[in-house]
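Take a look at the chain shown here. This report visits a few places in it, one by one.

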Amino acid sequence: MSQPVLPNTSNFLAVALVIKRSRDGPNFVFHYPPHVAPPQTHQPHHELVSDSRDSDDILLERLNNTGSRDAPVDPTSKTDHLSHQNWDDHQFTESGTQLVPWERVAGFPTQDLASVLTPAKAYHKTLFQLSLDPLYCVSYPIHVPENGVWKKKKKQQKTEKAKSTKTDDTYIVPSENDVSRQSGGDTPTVSDAAQSDQKDKEKGKEDEAEDKRASMTMFNLVFIIHPKKHEVKELVATLYYNIIKKVNKAYKYSQQHSDFVWKESKRIIALKDKAREDKRKMSSLWAEILMSSSLAASVQDIYEAVSQNKIAALQLDTVAGPLTPSVQIPVPFYVADLPQDGEEGQRGLWLTTANSFTGQDTIDEPGFLDRSFGLLLMEDERKIIAELQADPDPTTAAMVEFVRLSKPTQSFFQIGQSNILSLGQVRKYAQHFIFWRRAIAIPPLHARDVYILSPNSDTRNLPRASVEWAKAFPLAPPLTNFLAELSYAPRPYKHYCPSKAHRPTYLLMLGWLMRGGWVTQLCTFTYVVVWPEIQYEVEYELEAEELRRAEDPSLGTSAPSSSLESLDEGRLASPTSQTSSAAGGSTGNGTGTPAAPPHVPTMNEQVAEQARLSRIAEKTQREAAEKAAAHARKVVPAATERPSLNEAAHLAGLTPRVILDAKKATGKDSLYLSAIGRRFRDDKLAKAWQLYWKYFNGQSALERIALQEDMKRKEAWTQLTAMSEYLICVRHW
């Protein structure tokens, strides 16, 4: 099982925000972390480099040069090495050009990066991936709508039109002759003043709209990664669907409703321009930007959370109110198989096949997940309740009750049976806690199940875990002794409890061990095995049925030889009538041509045909007699109590057959299952056999049957024990 590719500090270099204006063009607004060193690439000697250069090489060479046209800097030169050491300060080249520390990211000038990271509108809301060997830039560009305005039009146009009409009607404009008489024609009229004010307002609105159209035309939050060649596709897909796409959509929403991205970008650009003039250190500038801009702070939160595989809880302080989107990369909390050598990142995870063996057809069954899984909190219950009670949101009261009711020994279905919460609320809150990584879904813990030391447990954490174990359960045996006892001889967990009164405490201990990945459940999986005795019985019955159908035509579709004979005789005797009717039909038609006279078989041909049919009938009868004689000589099948031990001579050529999935059995496999069901003398057991077929596929644990069928565990295991003669079992996690 290969380890999933997740972003970390080695393959995830930075997050950058790039915008574009119709007047000023692209602008590299902000990036985090402040200093992004170029990746270390192992290049061959210079003499191995080919002299041929294409356009891509020219572009890369241009991007590797500084913004100064006077003194280009070689990435391997001493000047560049000095810039890496003093990345916080401003530097100057020999020609006097100022090198600003934040105008170079991963060895590339930000001016050139901004130009290539602002794609055309054809990439609007699509995956944009740019390769700058060995780096990759992945983003989800957002462009301004077609009308050039970010904010959506409000449905108030009719109201504004009515107000403007009412305002125009309030003006009482005298006639031009009266005004000219009073003022001599030199003083401006009231109507002229009103018209000029109205023109100024319209001009101001037009200038404001034009300014909005001419401001930001797109923004692009870019993720700069440096994956290995075989990890590119998986890492890009992981970041794009879980982080990049969702964050850019959140930025788009805030931009459309409050112009958030553009206002914050203007603030950051102004701070950078001032710091450039003051030759301010980059660390001091970045600290001020992060303090004053929630957009920059969100970029920082994204990088730090994603690179450390945590949940990024963002806070965007918009004019319309704070927005708190959260994004994360779903992290598997279990593994289905032991990791290979070198994949230490999966050590300590819960080892189970309860989730990986669940097929889509099984998930679609109503109530399957509710009955099969419960909730195991990853932190102390009192701590989670205290955090929820501190939240003023009124919906947290129901979540507090959910935390109190959720026990790892109960399934979601059992929790939903209470009068406090409905099953829908239980599902909703369970998804909430699992999303926030405060809980995991596990099969309900039970004292009669078998638990063993997990082969995937991380024993390097054993000293620290032993201290925590002693604090949580001071009266329990030491953790090392308890784990050693679990791994000695697998048996039901209740046998480790000193008494029945200690069982609740020991179940709490078991939940603690499951939470840390120290133990796993040893489950039982089964297939149906068809012994030779069953196979012989089914074959014998099929052959007997075939012989009965051959003797009695009413029992089957096969016709006897006499009926075939009469059918052929009728076909031979009727050609004259058929041809006469056909000829009559053709002559009755005025336009039709008379049909050719039919061939009338001669007497010799009729005799030969009768002889051929007789030989076929005799052969069929002879073969049927031989089959009946052979069947009569066979040993009549007799059911035994232990068909697995039946070594009769007539079963020597047969081998046991295993049905991999009894639920999907067809043909003879379904007949084998029916034959086994007829052997159960108890009607209730025979019905249970048909009910349990769907669990005999090697992927459904028998420990879950009682939960799924809503029956007592003792009854389920009693019936399974009675069926054990026809089941082959395997045990694993």
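His-143 is found in strand β9, which covers residues 142-143. The model is predicted. Is His-143 buried or exposed? Its relative accessible area is 10%. The cut-off for buried is under 20%, so His-143 counts as buried.

What surrounds His-143? Leaving aside neighbours within four places in sequence, His-143 is in contact with Pro-119, Ala-120, Lys-121, His-124, Trp-150, Thr-217 and Met-218. Ala-120 also takes part through its backbone. The backbone oxygen of Ala-120 lies 3.2 Å from a polar atom of the His-143 side chain.

## The whole protein

The protein has 733 residues, and 38% of them are buried. Its secondary structure comes to 27 helices and 22 strands.

## A covered strand and its partners

Strand β8 spans residues 135-139 and is mostly covered. Five of its five residues are buried. Both faces of β8 are covered. On one side sit Leu-135, Cys-137 and Ser-139.

Which strands pair with β8? One is β7, residues 128-132, joined to β8 by five bridges. The other is β10, residues 216-225, joined to β8 by three bridges. The pairing of β7 with β8 is antiparallel. The pairing of β8 with β10 is antiparallel too.

Now look at single residues. Leu-132 stands opposite Leu-135 in β8. Cys-137 has Ile-224 in β10 as its bridge partner. β7 and β8 form a hairpin, with two residues between them.

Helix α14 covers residues 396-405, and helix α16 covers residues 423-435. They pack at an angle of about 85°, with their axes 11 Å apart. Angles of 65 to 115 degrees count as roughly perpendicular, so α14 is roughly perpendicular to α16.

Which residues make the contact? From α14 come Ala-398, Met-399, Phe-402 and Val-403. From α16 come Val-426, Tyr-429, Ala-430, His-432 and Phe-433. Eight of the contact residues are nonpolar, one is polar and none is charged. An α-helix has 3.6 residues a turn, so residues three or four places apart point the same way.

## A buried arginine in a loop

Arg-679 lies in the loop between α24 (668-678) and α25 (683-692). Is Arg-679 buried or exposed? Its relative accessible area is 16%. That is under the 20% cut-off, so Arg-679 counts as buried.

What does Arg-679 touch? Not counting residues up to four places away in sequence, Arg-679 touches Glu-533, Ile-534, Glu-537, Ala-639, Thr-640, Pro-643 and Tyr-726. With Glu-537 there is a polar contact: the two side chains are joined at 2.8 Å.

Which residues of α24 are buried? They are Asp-669, Tyr-672, Leu-673, Ala-675, Ile-676 and Gly-677.

The buried residues of α24 pack against several elements. Two of these are strands: β20 (519-530) and β21 (657-659). Two are helices: α20 (532-551) and α25.

Conventions. Residues numbered from 1 in each chain as written. Predicted model: local features only at pLDDT ≥ 70, side-chain atom pairs only at ≥ 80, totals over all residues. Heavy atoms only, no water. Axes fitted to C-alpha atoms, helices over the stretch in contact; angles between N-to-C directions. Helix = DSSP H or I, 4+ residues; strand = E, 2+ residues; numbered from the N terminus. Parallel < 35°, antiparallel > 145°, perpendicular 65-115°, else oblique. Contact = heavy atoms within 4.5 Å. Nonpolar A, V, L, I, M, F, W, Y, C, P; charged D, E, K, R; others polar. Buried < 20%, exposed > 50% of the residue type's maximum accessible area, 1.4 Å probe, protein only. Pairing = 2+ DSSP bridges. Polar contact = N/O pair within 3.5 Å; in protein donor to acceptor, adjacent residues only side chain to side chain.
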